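I opened this notebook to record what I looked up in the structure. The entries follow in the order in which I made them.

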Amino acid sequence: MKIFAYPGYLIGGEISKLVNRGYQQFLKTTKTEVPATADHLKALHDFAEEMKEALGLPSLYNESLGTVSESYQYDRVKDRDEPVVERPKRPWETVKVKATVAKKSRA
């Protein structure tokens, strides 16, 4: 048996997906996005661990430390999933071309 999705929290009659934005985790549904509290995360973690134990599945080390998300969206890695040619140029990647003027020397 295999768990194919992380558990979600019921918000407004819809199961939410946990999204990590680097600075905070959010519970996201198709209609709303709510900041995840410590109580939300503890409930999700406990449920996942109990489900694995009941199904006889292994509990992985990184998952047993706390709640994990299906997706992580950090500001610093924005657009890295795009092909290199389609990524926007970063400020340090732009090349400034300066026109050079040849000086004539008087002989």
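I looked up the exposed side of helix α1 and found Ala38, Asp39, Lys42, Glu50, Glu53 and Ala54 there; exposed means over 50% relative accessible area, buried under 20% and partly exposed in between, with a 1.4 Å probe and protein chains only. The model is predicted, and local features need pLDDT of at least 70, side-chain atom pairs count only at pLDDT 80 or more, and totals for chains, interfaces and linings use all residues. Residues are numbered from 1 along each chain as its sequence is written, and side-chain values use heavy atoms, without hydrogens and water.

I then turned to the other side. His40, Leu44, His45, Ala48 and Lys52 of α1 are buried. They lie on the same side of α1 because they cover an arc of only 125° around the axis, the arc being that of the directions from the helix axis to the C-beta atoms. An α-helix has 3.6 residues a turn, so residues three or four places apart point the same way.

I noted Met51 next, which is placed in α1 (residues 38-55); helices are DSSP runs of H or I with at least four residues, strands runs of E with at least two, numbered from the N terminus. Met51 counts as partly exposed because its relative accessibility is 33%.

After α1 comes Gly56, with a positive phi near 75°.

Last, I examined the strands. β3 (residues 17-20) and β4 (residues 25-28) run antiparallel and are joined by four bridges; strands pair if DSSP finds at least two bridges between them. Leu18 stands opposite Leu27 in β4.
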